[in-house]
Amino acid sequence: MTQRVYNFSAGPAVLPVPVLEQVQREMLALPGVGASILEISHRSGAFLPIIEDAEKNLRKLLSISDDYAVLFLQGGSRLQFSMVPMNLLGPGQVADYILTGSWGNDALKEAKKAGETRIAWDGKAGNYDRVPRREELNLEPQAAYVHFTSNETIQGVQFAAEPEVGDVPLVCDASSDFLHRPLPVHKYGLIYACAQKNAGPAGVTVVIIRKELLKRSDPKLPGYLSYDVHAQNGSMWNTPPTFAVYVLKLVAEWLLSEVGGLEAMHARNKEKARLLYEELDRSGGFYAGHARPECRSLMNVTFRLPSEELTTQFVSEAKKRNLHELKGHRSVGGIRASIYNAMPLAGVEALRDFMEEFRRKNG
Ligand SMILES: Cc1ncc(COP(=O)(O)O)c(C=O)c1O
């Protein structure tokens, strides 16, 4: 198959075509280098500008000040579930967790192994269909940090703005909505995001950490697990995932030059999501959205059909129309359409048209 399909995968996910084309063009030999990105030393004069530009582009896109370090790590976001408490949660301290879905729960599970935790809010009773209101948060003012998941990839529930947590450092798992809109980074202590949804391929995880928090990394931590070690070594303590960093750099360049920055990206993302949610709202319950309207994700649109039979039929008929990877996560079922930054508007329009037609035939 050489024709590209519309790929609604939750991750690894669709990448911008111009980025894939550039990777293809440069695969045998990076311009001026004569070897591929897969074959050069991470300490070579060819790679250093690549990792530096990756960082520069991220700093530009998100207006990240010098008060923050930007790290390129491995181990995915799941390693961050452990590294966050191992570095930031000292003995005798407690960390607050806000739970709005599956990933927040998994983060908490790992944190419990490293230290003392509290639950500041849990959306379980409502089957994780919303984020908390400010007054519902039960925060510990002395907590080492407050952790939340800005977009719950499985439930399709997203914070429109970060929770207000006062002076306690705010830690965010931004894995599935990183770079989808501008972020007031100064409000955060730490942001982490695996790349394989909005920022690049699997293999690299971005960590943006307020430098002041690096002091908390215990020197006795194994080197790889210490944010301070990575920051002091410019993410070169060990060999970084060079190919993934290279693609991330290209994706960030695409956002800056072709899209025109994160305000423009956010506008595109809102428009794409609106098309699908309008169809949900028009469908008279045939498509039952999971998230409450005010907490709907711009990245992962989740909904159910009236029966398992219709769900299976929906997925298989969609595939015949080139609309792939629409099955919901195995833990919740239904349908999930992931419409990350690189999903073109035409893909979302094609899905919306298919949904209308399917509902007319089967509703
Ligand atoms: C919100 C969120 N957090 C964490 C993860 C885990 O990421 P990884 O597989 O890179 O460890 C995912 C992956 O889908 C995710 O969506």
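Good morning. The second largest pocket lies between domain 1 (18-259) and domain 2 (261-362), because both domains give residues to its lining. The domain bounds come from an automatic or database domain assignment.

The model is predicted, so to speak of local features requires pLDDT of at least 70 and side-chain atom pairs count only at pLDDT 80 or more, while totals for chains, interfaces and linings use all residues. Residues are numbered from 1 along each chain as its sequence is written, and side-chain values use heavy atoms, with hydrogens and water left out.

A pocket here is an open set of points on a 1 Å grid over the protein atoms alone, where a 1.4 Å probe fits, with protein on both sides within 12 Å along at least five of seven lines; lining residues have an atom within 4 Å of a point.

The second largest pocket holds about 190 Å³ of space, a volume being the space filled by probe spheres set on the points, which are joined across faces, edges and corners. Its lining has 13 residues, with N127, H290, R304, V332 and G333 closest to the centre. Strand 12 gives the most to this lining, 3 residues; strands (E, at least two residues) and helices (H or I, at least four) are DSSP runs, numbered from the N terminus.

Let us turn to the largest pocket. Its volume is about 310 Å³. Of its 19 lining residues, V14, A342, M343, P344 and L345 lie nearest the centre. Which element supplies the largest share of this lining? Helix 7 does, with 3 residues.

Thank you.
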